[in-house]
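Trainee: I'd like to learn how to read a few features here. Can we go through them together?

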Amino acid sequence: MNLAGFIARNAMRNKRRVILTTFSVALSLFLYTVLQTALREMTQPASSEDSALRLVVRHRVSLANVLPVKYHARINSMPGVRVCSKFTWFGGVYQDAKNFFPQFACEPDKIAPLFAEAEFDPREIADFIGDRTGCIVGVKTMERFRWKVGQKITLTGTIWDCSPELTIRGVYRGGVDETNLFFQHAYFDELTGDLGSVGTYWIKALNADVIPELIARIDRTFENSDAETKTETERAFQLSFVSMFGNIKMLIGSISTVIVFTMILVTASTMSMAIRERMREIAILKAIGFDGKRVVSMIVAESFGLALAGGIVGCFGAKLLFANVDIYALTQGFFLKFDVTPHILAGGMLIAAVLGVTSCAIPALTAMRATIVAGLRELD
Amino acid sequence: MPIPIRYNLRSLRVRWRLSLATALGIGLVVAVFVMVMALAQGLNATYVTTGDPRNLLVLRQGSTAESNSQIMRDEVTRMRYTEGIARDAHDVPLVSAEIILLVYLERRDGSGGANVLVRGMKSAGLALRPQARLVAGRMLAPGRRECVVSQRIADRFSNCQVGESFRSGATEWHVVGIFDAARTAYESEIWIDSDEARAVFRRDFFGSVLLRTDGPEGAATVKRRLEADRMLQVRVLTESDYYKEQTQMAGPIRFMGGFLAVVMSVGAAFAAMNTMYAAIGARTREIGTLRVLGFRRREVYVSLLGESVLLALVGGVLGCLLALPLNGVATGTIGWNTFAEVAFEFRITPGLMGKGMLFALVMGVLGGLLPARMAARKPVLDALRAA
């Protein structure tokens, strides 16, 4: 029997304990993975090369204040602007208050160039442009309500006192968010009695270099007017929502720490239990010529293997689970995606590795220091 | 005769390191559960305590929150003289037409900003909210760009102390007072004069109307009258119901607390099981001796199960003690309904700690069940012969 086989046999001699320990490590690392993924989904809005070129212009005071429609032409003519669309949050519901998803009134011909990373069917876009009451819906929302292209739907406004009756003209896939519904701003204006106002303007810049200058130019242009603007990149805009969550980040971070700490505690006590009960054996090993270092490395290998097994079950179990679960439907739209990234997996496995070494440090030291005579005298 | 509990206590003390580690493990699970639930509890309590059942809140039909409702001036005038509305000492109806705005302010600790709810109202609004009382400075004077800020907002956001001012749009708002609103949802608001609000933010409509009736029955009558009026397109609900509706916000937090607690407690129960197996395995002979002395299987079983429960309960107490310092700590998050910051406090109630202890108990029972059964079933001779 070689050394590896000896270690494996040693680890498996109390199967119940091995299973219990592995599972408690696995559960803890499963939780850790879930929490870190949730944190990432909440604090790191998805972004792409394309989204880095998008800017959002909103009212300086807050999002609840609207901008005048006359700004449209001014912004459109500024250098560096590829497209600029009116973009108003509708905030309606479909049939029931529970059926909430994002809806925007916008300009139909600007959607495809604005969200170039999403896949639109050019014919469907043409249909959308041609139908004043048409709309284009993200594939996730289509699936959620089992809608079909051509179907008529009615939204009920919660902010605006109107109920747009829309015909679905197309579906889009991909992009940073597959749940939006876009309908025509012209129809929205008609329903609300032509308020002459727009929630936000969304801009696609020509390239990344013009962005700082463009942001400064827009905000300077409307300085000291009735409606001062705040222009920021899409990412900064989304991060401002994240900061509104408050210290949720700290909360989840501290829970993760507690979990890891508990895990170390539990595994360390199990390991010391496992080693204490075989002090006599260790003494025999030493007596037949194994030196202290060899004994320690055997103990470390056993604990390391146990922790790593738990880590693999926990982290990759989470990955497997969330790859096969529709998190969007499960959380009723709270999470769009739940990607367990390689980064998080690596973090979990690193914790498992550190855990494997630290949890056996004290028992291994005791084993190394113990003299053969003392070990042989040990009863249990 | 049951085995004396002193036996279990001594057994736990003999292997104190292992016992302590297990108890601490269980304690941390209980602590996490209690802390997360205290967050949900605090959020809930804020809404439940807000609102007077005598007060009616009028919103536009179909609207779900004050911040997205619109009530026209003529509608307010029409409502004002509806029969059944209470009057103040000068025989003026207690009706407050209010306007809700959001202002983006920077947090004091530099961790970014958030929307804060600004409520424009007249003195009737103050009369309708007796919970709020001034703790510093003075009340705002009508016709001036002044505001009073709730204590919690003043603590959390910059430029909100008395004498300071914050800018919103082209207007400078001077903070002249700080109010305390007895832990209600008003603790997350800034109050300004409603006419100033309409002028500065260019709104010719109000957001909501709050009015006082003589009691729950009077409230029902007035509600019927207002809703029956064809000239008004309004939704009327008691103020307490409006705030109760918002408690659903704590739902996801509760879900998270439950999920964490269940998964973690399974892990901790495994740990407890490990400990008990080891504790029992090491004293097989002792248990055999107990049987020889005349203790029955059932007594051995109960005693060992009790030992596990005892260990878990010690852990539970430790967990509650660990969580307790969090009680009363202020925090805030975004309110989905109004899209503004809701400030609240962690609230650890005896009931919540009871639930935590229950969790510990379950972990103890689960962890001790199998090992205790194993020990009780072992034939006496085998047990005595064990090394």
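Trainee: Which helix of chain A does Leu376(A) lie in?

Mentor: This is a predicted model, where local features need pLDDT of at least 70, side-chain atom pairs count only at pLDDT 80 or more, and totals for chains, interfaces and linings use all residues. Residues are numbered from 1 along each chain as its sequence is written, chains are lettered from A in the order in which they are written, and side-chain values use heavy atoms, with hydrogens and water left out. Helices are DSSP runs (H or I, at least four residues), numbered from the N terminus. Leu376(A) sits in helix α16 of chain A.

Trainee: Is Leu376(A) buried, partly exposed or exposed?

Mentor: Buried means under 20% relative accessible area, exposed over 50%, and partly exposed in between (1.4 Å probe, protein chains only). Leu376(A) has 41%, so partly exposed.

Trainee: How much area do chain A and chain B bury between them?

Mentor: Interface size is often given as the accessible area lost when the parts come together. Summed over both parts, with a 1.4 Å probe, the value for chain A and chain B is about 4,100 Å², 68% of it on carbon and sulfur atoms.

Trainee: Which side chains meet in a salt bridge?

Mentor: Look for a side-chain nitrogen of Lys or Arg within 4 Å of a carboxyl oxygen of Asp or Glu. Arg167(B) and Glu228(A) meet that way, at 3.5 Å, N to O. The count between the two chains is one.

Conventions
Helix = DSSP H or I, 4+ residues; strand = E, 2+ residues; numbered from the N terminus. Buried area = accessible area lost by both parts, 1.4 Å probe.
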